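Hi,

Here is the structure I said I would pass on.

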Amino acid sequence: MTRFLIAAAFLATAASAQTSEKILFRVHVVNQLDGAPIQGANVTLYSTGDQKGYGRTDPGGSCELSLTAGRYLLSVSRKGYFLAAQRGTMGKIVEIRSGAPNEITVQLTQSGVIAGRVVDQYGDPVHRAIVRSIDKLRPTNGSDDGYEGFTAAFTDDRGEFRIANVVPGLHYVGVEFDSENIDQFSGTVSRFRWPRTGGYVFYPDATRIDEAQQIEVSSGQVTRVQDLHLSVRGAVSVSGRIVPAPQGKGASVQLEPAVGRFGLNVTAGRGGLSKPDGSFKITVLPGSYVLHASNQQTGKISQSVRIDLNDEDLPDIELKLQLSYELSGRIVVDGQEKLDFSKLRLSLLGPNEKIDSTGAFHANLLGNQGLYMLQGLPDGWYVKDVMAGGKHISGKTFEAQPGITDFSITVSPRAAHFEVGLESGANDVVYVFLLPAGAQVLDVDSLPISQRDADGRFAFASVPPGSYRVFSFDAAHWGLMFDPQALLEKYGSEAPLITLAESDRKSILVRATKFERE
Amino acid sequence: MTFRLSIAFTAGLVACAQQTNSDSIPTAALFGRVVSAQSHQPIRRAAIKIYRGNDQWDQFSDADGRFQFPPIKRAEYGFVAHRDGFTDRTYKVELSDFDNPKELLVELFPQSVITGRVIDAVGLPLEGARIEALGAGAGGDAAVVASAETNDLGEYRLSGLRPGSYRIRAAYRGGRESEFDPTPLTIASQYYGSPEKATEFAVKAGSVSNGIDFTLNPAKPAVIRGTVVTSIGQPVEHATLWIMGRSGEGGHNGQAENGKFEVNDLGPGSYTISAEISNGPSPSFGVVTVQIAGSDVNGVEIVMHASPRIHGQIQSENGGAIPKLDAVYFRRSDRVELPPMKIARPDSSGAFELVLNPGDYTLTFAGLPAGVAVKRATLDEKLVANWKISIESSAENRQLLIVLGNKPQ
């Protein structure tokens, strides 16, 4: 069952208590810009996790559904449009009552279109290039270099493209072409194996996104950009030898883009294993890369080498496996309580590490960047402190030094226990979410979240001490939790503030957090 | 077909300079120009390959469509030119081609394009509909040879088609695009032409056929539920199902357990469901055709009937050692909506066994050794004409004999 239906299932209580009398419910769907009716929109009402009513709007933008009284999650969708409320909104909670006017108007915002043409270095159209609208991502987990392509289109045989469903606003436009993709999309595949060709460019003519220009997309408008000139080049090989030649399965050789991925697949870099004699050969499209090798068995890694590839093969590179980043680690219990370390699962960007009965572990990192994940702590325990190389770290990422780095995770059995009940009239709440107050969210994956239990309460068994804003989501708004920084900025002041100390047991009553309405 | 190639002799000087051992075999530089056979304009970024044994060399054509390989040894080579949007062109470089060096003219034929629009029942464009060109050859080969998707205007351009006949199909699947998407799933598919029967559509080299439009009416997918029973009405324990649309589209497997089956996610249209039991002492087969018009169909019954087991044997014409044959293919030639092929793999003694369901089949043979041909085949001692056999429902075993012999010189 999808998350959407799980959320909609919590509307069951109210709906099931009603009579079976059918009531007419009329939905009008209009364009937010000019109020014009929108034909062909899908109108769906859910409760108890099931679709209870479905219809499509007529040329007047209206749709009538016959339903029993109760509370429903109303969803309206149509390609090329999105709900005029903020992103992350799943729909609207509506109550259908007997003897009352049951009518609602829903506004949709029309998305925009980016259109244009992609030509190669000779001015010939490039067929089956992927053109994306690209946005910078909000920083998460301490990382600040992410770009993502949210909507995309392929060029046709004339090089023409139309990227539809683009959210109005400023966007980068990136084009990539990789002949290896063509076999996937073309039925008329050559039976011969051809050398890889490809390339990428950002609008208007940049190979780095920080040199690219954003274009403005308006609601309901087609923004046609000038021709994008893509230099399609043949792949070249990078080859050499790893010293000393690794035993067993060989060493991993990675060629990563030197200037970020920018949301394009073609800049994803390449990798592979060396042969038993240590030789390696990787074929990539021209560009700037960072090359390095690592041996997972020994933990030895090479220096990273920056290489700028034009149209020539680059042979005879020697990568010496001479560096190592070892962690001498320990899990420490704060206090006298016993902890069964064999139940914990600790991962450091790889398989689970072996933790001995004293909490000690040893790990090799394949570089100076580390990321830890600790799971399996009993209820009531939390990670109190993490230190790497004598420094406290926030979030999950840390930096190691060449040689041996001391690493410690202090866990405490004195997590707070927190319980949330609902005030009268807040029956639609399906999730409660705790966000650290006044601090940047560095570790989105570990944020405390609770789903309603059978008693209608939300329990948090292991909350680290601190101050939190309490957000409660109904079935229409729970998607907002995926952007916690925006939640804090926009609605933080409206969410109740709680402060929890070690071993606290607290409970509060909340109402549904009020988000912007249409 | 052999084309004469242009070779510029370099008397092995360049190659010798690159090799430590002297090599007396002369080398020559292969060069030429790639142009469109229709417009005679240069084709740029064409990939050119020459190959011999496991060795191969690639070059790309430049701004004038020209290419040149480094010097190669005087020998026979395969040669092929490739450019997206054009049909591959192959040549053979012969020794005699080295005697008359001149620029090779490589002509590529542009592939064809079909364009059109897909709308729904109220005339709104359907974005994201998939358009496929399927081979329209005999024997029910419904392989997709090219595909495209409609844009936000419902428009598509299906390119990369070689001259020939195709069936064009539009399929749409909307909604439930992620776990956060509340839009209900709706699906629809249709062949171009009559809704009852796919129309074969012929394209010429380099042609652009416009106006191949579709009107689809996406509907909630339906479920077919039913039973699989023996000829005396007993439920079968286990049967393998094959579900396929009227024109051979969307073929996929299913299972029937304890006499019951359920097939999900079917759009409006006609479907053939065949059931097969090929293991065990009593192989059997049953088939039913079901029409879906937007709602679930319950109570469908598939009645199984006996299928014969074929005992096959490969023999040598002269009674000597049996040549190794990799496989015998039994391609279904009567009904496109049934499983298209069965394969038998003879063991080291040349024996094989398989169950053939009632229908017409064409036999083909894979992996014949060099110089060996299939001389004749008999089914129950009757000569198989044109490698075609017809199988009827029966519990009796059948004997298939395939005789191999030397190819005529």
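This is a predicted model: local features need pLDDT of at least 70, side-chain atom pairs count only at pLDDT 80 or more; totals for chains, interfaces and linings use all residues.

Contact between the chains takes in 49 residues of chain A and 46 residues of chain B. Putting the two together buries about 3700 Å², with carbon and sulfur atoms giving 53% of that area.

On the polar side, there are 10 residue pairs in polar contact between chain A and chain B, counting pairs with both residues at pLDDT 80 or more. The interface also has 7 salt bridges.

Which parts of chain A touch chain B? At least two residues each come from α1 (3–9), β2 (42–47), β3 (50–56), β5 (70–77), β12 (160–166) and α3 (179–185). By type, the chain A side splits into 19 nonpolar, 17 polar and 13 charged residues.

Now for the inside. The largest nonpolar core has 26 residues, and I331(A), L348(A), Y372(A), F398(A), F407(A) and I409(A) have the most contacts inside it. Strands β27 (323–333), β29 (360–365), β32 (382–388) and β35 (403–412) of chain A each supply at least two of the core residues, and β27(A) gives the most, with 5.

L348(A) is a handy place to start browsing there. Leaving aside residues up to four places away in sequence, L348(A) touches L327(A), E353(A), F361(A), A363(A), L365(A), L371(A), Y372(A) and F398(A).

Cheers

Key. Residues are numbered from 1 along each chain as its sequence is written. Chains are lettered from A and ligands numbered from 1 in the order in which they are written. Side-chain values use heavy atoms; hydrogens and water are left out. Contact means heavy atoms within 4.5 Å. Buried area is the accessible area (1.4 Å probe) that two parts lose on being put together, summed over both. A salt bridge is a side-chain nitrogen of Lys or Arg within 4 Å of a carboxyl oxygen of Asp or Glu. A polar contact is a pair of N or O atoms within 3.5 Å; within protein, one must be able to donate a hydrogen and the other to accept it, and residues adjacent in sequence count only if both atoms are side-chain atoms. Helices (H or I, at least four residues) and strands (E, at least two) are DSSP runs, numbered from the N terminus. Ala, Val, Leu, Ile, Met, Phe, Trp, Tyr, Cys and Pro count as nonpolar, Asp, Glu, Lys and Arg as charged, and the others, Gly among them, as polar. A nonpolar core is a set of buried Ala, Val, Leu, Ile, Met, Phe, Trp, Tyr and Cys residues joined through side-chain atoms within 4.5 Å. Buried means under 20% relative accessible area, exposed over 50%, partly exposed in between (1.4 Å probe, protein chains only).
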